[in-house]
Amino acid sequence: MGGKVSNNKMGIKSDIFNWEVPIETVPLPSKGKIYSKDSWFHMKETIDIKSMTANEEDILASQAYIKKGVVVDELIKSCVMDRNADPKDLLIGDKNALAMAIRITGYGSSYDASIVCQHCRHKNQKVFNLTELPIKPLQADPIEPGLNCFEFILPVTKKKVYFKLQTGRDEEILQKTIENKRNILGEMSIGPITSNLESMIISIDGIEEAGKIKEFISIMPAYDSRSLRSYMSKIQPGMDMNVTIKCDNCGEKSEAFLPINANFFWPAV
């Protein structure tokens, strides 16, 4: 009888070639604090993932997944190897951290990216070490463990706002809502700031009706809006993608947000 490929808790093992796919333990930036008890990610501080294989390259190349916009979800689902782990449950920052770790297991930590100098506008081609990017942990505790709900007092109106951090599922719903508005009302109907706030705010001074929340957002003082969005961004867990480079042309230092482009999952070899 020939050998077989088997699954075990250490990874995927081929008895034919005496090779076992490595398993990596990856920190979850949120430490699972906002996931309900029904979620596979509830209170998980780390996640075990298998290294990328040729099967995952098939996922990255799948035109069907690309068209549906689910490539990263399917990649995470494949590498976590647990049917109960739904990537759409993940906060955007947690999802990005897992995607980063999976990419490193498949293609290593070197990443080529272009950064434009803030001083002379020269386009710098730099190589970054992805393992050196720090993890940004969740910067505030939810109002109770296992609940994606946070509190903020608006500085001008003094209203108490309860809001959630976006998950992959929330992002998908928001994009569909924006697309529907665009199809019905045209491009000028899209307000990215108000649309995002509508998708993230749970209640304002105890009022939960979506229509009333939308009405308040439309007249919210700009300082309240900006302060709330700044706080949401501040507490969001994930990867710190801020980098500093020295310009090859003028020698000055520039700070930038590391861009993720097509080379991220398909680096040159």
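Contact here means heavy atoms within 4.5 Å. The model on screen is predicted.

**Whole chain**

Start with everything shown. The protein has 269 residues, and 39% of them are buried. Colour by secondary structure to see 8 helices and 14 strands. Of the contacts with a separation of 6 or more, 59% join residues 24 or more positions apart.

**Asp-170**

Select residues 168-185, which form helix H5, and pick out Asp-170 within H5. Is Asp-170 buried or exposed? Its relative accessible area is 14%, and the cut-off for buried is under 20%, so Asp-170 counts as buried. Now display what Asp-170 touches: leaving aside residues up to four places away in sequence, these are Lys-164 and Leu-165.

**Helices H3 and H4**

Next select residues 71-80 for H3 and residues 92-107 for H4. Two packed helices are described by the angle between their axes and the distance between the axes. For H3 and H4 the angle is about 65° and the axes are 10 Å apart. The two helices are therefore roughly perpendicular to each other.

Show side chains where the two helices meet. On the H3 side, select Val-72, Asp-73, Leu-75, Ile-76 and Cys-79. Their counterparts in H4 are Lys-95, Leu-98, Ala-99 and Ile-102. Colour this selection by residue class: the contact of H3 with H4 holds 7 nonpolar residues, 2 charged ones and no polar ones.

Terms used
Residues are numbered from 1 along each chain as its sequence is written. This is a predicted model: local features need pLDDT of at least 70, side-chain atom pairs count only at pLDDT 80 or more; totals for chains, interfaces and linings use all residues. Side-chain values use heavy atoms; hydrogens and water are left out. Axes are lines fitted to C-alpha atoms, for helices over the stretch in contact, and angles run from 0 to 180 degrees between N-to-C directions. Helices (H or I, at least four residues) and strands (E, at least two) are DSSP runs, numbered from the N terminus. Angles under 35 degrees count as roughly parallel, over 145 as roughly antiparallel, 65 to 115 as roughly perpendicular and the rest as oblique. Ala, Val, Leu, Ile, Met, Phe, Trp, Tyr, Cys and Pro count as nonpolar, Asp, Glu, Lys and Arg as charged, and the others, Gly among them, as polar. Buried means under 20% relative accessible area, exposed over 50%, partly exposed in between (1.4 Å probe, protein chains only).
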